[in-house]
Amino acid sequence: MSIARGRFANAPLGLLERAVRRTLRDERVEAAEISLSLLGDEDIRELNRRHLGHDCPTDSLSFALRQAGEPVVGDVYVGVEQARRQASEEGVTEIEELVRLAIHGTLHVLGWDHPQDTDGRIDSPMWRRQEALVSEVMRAG
């Protein structure tokens, strides 16, 4: 597991690593190579534009870098500035939102997916799994 914090020196790297490792453990993944990168609006906007054709910042992007039957390998990118905005809108701490996005991205690397709706809130098995993991990680601190 590797984490690149870029210019976000105060990011809770240990907690984010625990969130990814907890997700892998709870999903019964014994061996994985996941990188987690914390990006600002411009960098994540560029990745979003280049890979998904959306010319705007986003909260997270995930790329599974393996074929079926191969060990889990993937990259998770978290938009820290977008996470700050979302935390404020949702009334949660920035740390909780960063944990949520690290877990969300890891679940995507593991093959989970969710339907999108118009206001960004989702009620799906992935969303419920993500929120259970967020609660566990935040409770354990």
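Before going on, the ground rules. This is a predicted model, in which local features need pLDDT of at least 70 and side-chain atom pairs count only at pLDDT 80 or more, while totals for chains, interfaces and linings use all residues. Residues are numbered from 1 along each chain as its sequence is written, and side-chain values use heavy atoms, with hydrogens and water left out.

Back to Ala32. This residue lies in strand β2, residues 32-39. Is Ala32 buried, partly exposed or exposed? With a relative accessible area of 34%, Ala32 is partly exposed; buried means under 20%, exposed over 50%, and partly exposed in between, with a 1.4 Å probe and protein chains only. The C-alpha atoms of Ala32 and Val80 are separated by 24 Å, and the two residues are 48 apart along the chain.

Now the fold. The protein chain has five helices and four strands. Helices here are DSSP runs of H or I with at least four residues, strands are runs of E with at least two, and both are numbered from the N terminus. Starting at the N terminus, the order is β-α-β-α-β-β-α-α-α. The radius of gyration is 14 Å, close to the 14 Å that the globule rule gives for 141 residues, so the protein chain is as compact as a globular protein of that length. That radius is taken over C-alpha atoms, and the rule is 2.2 Å times the number of residues to the power 0.38. Along the principal axes, the C-alpha atoms fill a box of roughly 35 × 35 × 35 Å.

Of the 141 residues, 43% count as buried. Taking contacts between residues at least 6 apart in sequence, 59% join residues at least 24 apart.

Next, aromatics. How many aromatic pairs does a search of the whole structure find? The search finds one. The partners are Phe63 and Tyr77, edge-to-face, at 6.0 Å centre to centre and 70° between the planes. Rings of Phe, Tyr and Trp (its six-membered ring) pair if their centres lie within 6.5 Å; planes under 30 degrees apart are stacked, over 60 edge-to-face, and the rest tilted. This pair links distant parts of the chain, 14 residues apart: Phe63 is in strand β3 (residues 60-64) and Tyr77 in strand β4 (residues 72-79). Tyr77 counts as buried, at 18% relative accessibility.

Technical notes: Contact = heavy atoms within 4.5 Å.
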